[in-house]
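Thanks for coming. I will go through a few local features of one model, starting with helix packing and then moving on to the ligand and some backbone details.

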Amino acid sequence: MVLGGIFGGSSTTTPQYLTGDKTAIDAFIDQFDTFLFDCDGADRRRRIGVLWSGDHKFPGTAETIDMLRSRGKQLVFVTNNSTKSRADYKKKFDGMGISAEEEEVFGSSYSAAIYIARILALPPPKNKVYVLGESGVEQELQSENISYCGGTDPLLRREMMPIDFESVASGELLDDDVGIVLTGLDFHPSYLKIALGMAYLRRGAKFLATNTDSTLPSAGSLFPGAGAISAPLVAASGQTPLALGKPSQAMMDAIEGKFKFDRKRACMVGDRLNTDIQFGIEGDLGGTLCVLTGVSKKEEFLVKDAKVVPSAYVDTLSDLLGESKAKAEAST
Ligand SMILES: O=C(O)[C@H](O)[C@H](O)COP(=O)(O)O
Ligand SMILES: [Mg+2]
């Protein structure tokens, strides 16, 4: 069993196709003590994802998670979706009937909050964060006692008025304690919010992003991702943010620090080559498993000069159930 893909340059490993091969599936699972699971994913044809697509539950996902737990596996849910906190995700898992604890979730908003609080650790008072993002980022910054502004502030959800140009330029609309601009997936972007972000960057604030995924899979389709929210600031400021979500290894280091697992006995399961699978390969994990019902397609890694190649792949996550898959799918 060839483990790990090759990142950078053409691959010399051939990923193993596990669907339908119960012996190979069992052997693959037995190699690992820990499974890092991506969450969001969507297929335009069949609305199937890694764990879900939006609020759509998928056949066999809960049973697959239960099967891995019954085999004593450690599970960590690693999502780049910064709109939800760990607590929000716990509610989502409960709503989907998928067994998961809040502390098993490690999202990009939590990763960013840990980085800001424990690694960057700017001295007060200039350590406030200006947020372009949703409540998930705010909740995780609060969990690390980091002060912030912007985010879901309703006062910023308005048109840019002529007077605002003067107020931003003069600093009247700015908070002097802001030392960081943090972007994430924001469903309420505006010219005013972007102008404030640019003004802070021009003042020397550090530019961070929870993640820079190009697209957000949902409802079986693709929508603008977190990268589409930071893009206007990248264009306007000429700066590129330090991203703290997958494939950033700052996130992998923080996950390893919290969950204390053996990287060589850990597998990253995901639907997107340039975040999930790259994250696992660059993190030197024992293996990576691509689920073909999300963003990336097998044609992208089966070509000769593929840059990111998973160790193995399945059609759907519940293929890991092997023979019991039909029973699990019949039960949902
Ligand atoms: O744009 C985004 O933020 C991403 O598409 C989304 O959050 C991906 O979530 P994941 O697949 O990492 O759970
Ligand atoms: Mg995903």
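Start with helices α7, residues 191-202, and α8, residues 226-237: their axes come within 10 Å and cross at roughly 45°. Keep in mind that this is a predicted model. With angles under 35 degrees counted as roughly parallel and 65 to 115 as roughly perpendicular, α7 and α8 are therefore oblique to each other. The crossing of α7 over α8 is right-handed. On the α7 side the contact uses Ile194, Gly197, Met198 and Leu201, and on the α8 side Pro232, Leu233, Ala236 and Ser237. By class, six of the residues in this contact are nonpolar, two are polar and none is charged.

The second pair is α4, residues 108-120, with α5, residues 135-143. Here the packing angle is about 35°, and the axes are 8 Å apart. This crossing, of α4 and α5, is right-handed. From α4, the contact takes Ser109, Tyr110 and Ala113, while α5 supplies Gly136, Val137, Glu140, Leu141 and Ser143. The contact of α4 with α5 has four nonpolar residues, three polar and one charged.

As a general point, two packed helices are described by the angle between their axes and the distance between the axes. That is the reason I quoted both.

Now the ligand. How many residues surround ligand 1? There are 14, and the closest are Asp40, Thr79, Asn80, Asn81 and Gly225. The shell around ligand 1 splits into four nonpolar, seven polar and three charged residues. Where do these residues come from, in terms of domains? Domain 1, which covers 16-80 and 247-331, and domain 2, which covers 146-243, each contribute at least three residues to the shell.

Last, the backbone. Most residues other than glycine have a negative phi, and most peptide bonds are trans.

The bond from Pro124 to Pro125 is cis, with omega near 5°, and Pro125 sits in the loop between α4 and β7, the latter being residues 128-132. The bond from Lys246 to Pro247 is also cis, again with omega near 5°. Pro247 is in the loop that runs between β13, residues 242-243, and α9, residues 249-259.

The remaining one is Ala121, a residue other than glycine with a positive phi, near 45°. Ala121 is located in the loop between α4 and β7, which is also where Pro125 lies.

That is what I have; I will take questions now.

Methods: Residues numbered from 1 in each chain as written. Chains lettered and ligands numbered in written order. Predicted model: local features only at pLDDT ≥ 70, side-chain atom pairs only at ≥ 80, totals over all residues. Axes fitted to C-alpha atoms, helices over the stretch in contact; angles between N-to-C directions. Helix = DSSP H or I, 4+ residues; strand = E, 2+ residues; numbered from the N terminus. Parallel < 35°, antiparallel > 145°, perpendicular 65-115°, else oblique. Left-handed = near helix turned anticlockwise from the far one by under 90°. Contact = placed C-beta atoms within 7 Å. Nonpolar A, V, L, I, M, F, W, Y, C, P; charged D, E, K, R; others polar. Near = placed C-beta within 6 Å. Domains from an automatic or database assignment.
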